[in-house]
Amino acid sequence: MTNTTLNATANHLHPFSDNQQLKEKGVRVITKADGIYIYDDAGNKIIDGMAGLWCVNIGYGRKELADIARDQMNELAYYNTFFKTSHPAVINLSAKLASIAPAGFNHVFYTGSGSESVDSMIRMVRHYWDSVGKPSKKTLIGRWNGYHGSTIGGVSMGGMKGMHKQGGFPIEGIVHIEQPWFYGLHEEGETAEQFGIRAANWLEEKILEIGADNVAAFVGEPIQGAGGVIIPPSTYWPRIQEICQKYDILLVADEVICGFGRTGEWFGHETFGFQPDIFTTAKGLSSGYLPIGAVFVGDKVVEGILKGGDFNHGFTYAGHPVAAAVALKNVEILDDEGIIKNVHDKTGPYMQAKWREMLSQFKYVDDVRGVGLIQGFTLVKNKATREMFPNEGETGTMLRDIFFSNNLIMRACGDHIVASPPLTITKEEIDLMLATAEKCLQEFETAMDSKLGA
Ligand SMILES: Cc1ncc(COP(=O)(O)O)c(CNc2cccc(C(=O)O)c2)c1O
């Protein structure tokens, strides 16, 4: 434990942490980063297989963004867009985002984070239905084990039961259906395609239970990220779209993780072949260099909202000029350097093939999966029976800690192990990341064999 580590927890309460444990065990102080690597204050070079928190899509150390931030800071460090004002940075970013968005998306609403994007979406959806004369359509439907952030709206929209317990959520008017987790929820003999339809039909059942006149929207991540990279069968999203159209329900995609190239397309809903009415973003919008989020609002919803007069919602830092300028440069780099096409055509398929090949040898690893540069696997006690380990998350944390002690960052979501490296990762870096992971999994398997007396 270095001296700075001792100071690190003296005055700082860390998010999503047991801060008593951190005070006792200390933390690793990250001091710099470059490409796919981060470095701690002890000089360790660490492979960041999580791109920060799923967000550093263009990789670390792109000085162009620092230069843009400095220039914008010196030109106009802050002004708002509340009262009949705007500024060039947000105008230029908005035009760029409209140009890379799918057809029918020509307007964005800015926030400072993914959670604020989700909260803004909730308010916008309800304002839309009020504006078009259907004020009873207030309820939003999400999925258990979905993750949509940590604000009151975000935690309610999400289906993380442990989060709901802290504070008594969800808020009124937000309900959940089961997640499309084929590995854990399919019936004997049921194909993935059959399960995808059955799982989507849970939405129709919920709508009929609530009454379509009371339902405002269905909200889901194309791939559930923090829930453990839960990838729905190919039949799921098209069936969800059919149901939303049938009952006049808005379809919302939460693209905070899947957006800006993670799945090999600009947005995850393009990978899964559905067209939402609204989609929420953050993370890859700026590659985490500065905090910014954006809600992409489809033309139908914009038309409705324009009828509704003042939309009384917004944030001080919404469309912040420095964040907007940095986000614009980030999106230009993604676009001009063909980073997303490279994920789609080259490094995504390469990663997925090598990931499956490497993991196939391990007895406690099952349901190996991935799309583009987001991948996962599940730790199971018995692959033949799909028996999970007891005390969900304990085994995942054990493996995550072995990775970290070997200077590799991957994420344990319960007993799902996930990775989402920077989109700029090269094939050689993928080989190095997977060789490190293989060594850790061998160490984990030996330790687990001895623990189970196998
Ligand atoms: C789909 C989705 N929607 C909203 C949010 C909230 O974004 P903000 O954090 O910027 O308010 C997220 C965020 N996702 C997220 C954030 C922090 C940690 C982890 C993890 O997997 O450990 C995941 C997310 O993944």
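The legends below describe close-up views of a predicted model.

**View 1. Helices α6 and α13 pack against each other.**
Helix α6 covers residues 114-131 and helix α13 covers residues 299-306. Two packed helices are described by the angle between their axes and the distance between the axes. For α6 and α13 the angle is about 60° and the axes are 8 Å apart. The crossing of α6 past α13 is left-handed. From α6, the contact uses Met-124, His-127, Tyr-128 and Ser-131; from α13, Lys-300, Val-301, Gly-304 and Ile-305 take part. Four of these contact residues are nonpolar, three are polar and one is charged.

**View 2. Phe-182 and Phe-195 form an edge-to-face aromatic pair.**
The whole structure holds 22 aromatic pairs. In the pair of Phe-182 and Phe-195, the distance is 5.7 Å centre to centre, with 65° between the planes. Phe-182 belongs to helix α9 (residues 182-185) and Phe-195 to helix α10 (residues 192-210), 13 residues apart. Phe-182 counts as partly exposed because its relative accessibility is 25%. Phe-195, with a relative accessible area of 0%, is buried.

**View 3. Tyr-364 and Phe-444 form a pair across distant parts of the chain.**
The ring centres of Tyr-364 and Phe-444 are 6.3 Å apart and the planes are at 85°, so this pair is edge-to-face. Tyr-364 is in the loop between α15 (339-359) and β11 (365-371), while Phe-444 is in helix α17 (residues 427-452). The two residues are 80 residues apart, and both are buried.

**View 4. An aromatic cluster includes Phe-260.**
The cluster is formed by Phe-105, Phe-260, Trp-266, Phe-267, Phe-279 and Phe-296. Phe-260 is in the loop between β8 and α12 (268-271). Its phi is positive, near 65°, in a residue other than glycine. Phe-260 counts as buried because its relative accessibility is 0%.

**View 5. Charged side-chain ends sit over two tyrosine rings.**
The charged end of Lys-45 is placed over the ring of Tyr-37, 4.3 Å from the ring centre. Over the ring of Tyr-183 sits the charged end of Arg-386, 5.7 Å from the ring centre.

**View 6. Helix α11 has a set of buried residues.**
In α11 (residues 236-246), the residues Tyr-236, Trp-237, Arg-239, Ile-240, Gln-241, Ile-243 and Cys-244 are buried. They pack against β5 (139-143), α10, β7 (215-220) and β8 (250-254). An α-helix has 3.6 residues a turn, so residues three or four places apart point the same way. Just after α11, Asp-248 has a positive phi of about 55°.

Beyond residues up to four places away in sequence, Leu-203 touches Ile-141, Ile-177, Phe-218, Ile-240, Ile-243 and Cys-244. Ile-240, Ile-243 and Cys-244 are among the buried residues of α11. Between the C-alpha atoms of Leu-203 and Ala-282, 79 residues apart along the chain, the separation is 26 Å.

**View 7. Two backbone details are found at Pro-170 and Ala-51.**
Phe-169 and Pro-170 are joined by a cis peptide bond, with omega about 5°. Pro-170 is in the loop between α8 (161-165) and β6 (174-177). Ala-51 is not a glycine, yet its phi is positive, about 50°. Ala-51 lies in helix α3 (residues 51-54) and is buried, with a relative accessible area of 0%.

Notes: Residues are numbered from 1 along each chain as its sequence is written. This is a predicted model: local features need pLDDT of at least 70, side-chain atom pairs count only at pLDDT 80 or more; totals for chains, interfaces and linings use all residues. Side-chain values use heavy atoms; hydrogens and water are left out. Axes are lines fitted to C-alpha atoms, for helices over the stretch in contact, and angles run from 0 to 180 degrees between N-to-C directions. Helices (H or I, at least four residues) and strands (E, at least two) are DSSP runs, numbered from the N terminus. A crossing is left-handed if the near helix is turned anticlockwise from the far one by less than a right angle, and right-handed if clockwise. Contact means heavy atoms within 4.5 Å. Ala, Val, Leu, Ile, Met, Phe, Trp, Tyr, Cys and Pro count as nonpolar, Asp, Glu, Lys and Arg as charged, and the others, Gly among them, as polar. Rings of Phe, Tyr and Trp (its six-membered ring) pair if their centres lie within 6.5 Å; planes under 30 degrees apart count as stacked, over 60 as edge-to-face and the rest as tilted. Buried means under 20% relative accessible area, exposed over 50%, partly exposed in between (1.4 Å probe, protein chains only). A charge sits over a ring if NZ of Lys or CZ of Arg is within 6 Å of the ring centre and within 35 degrees of the ring normal.
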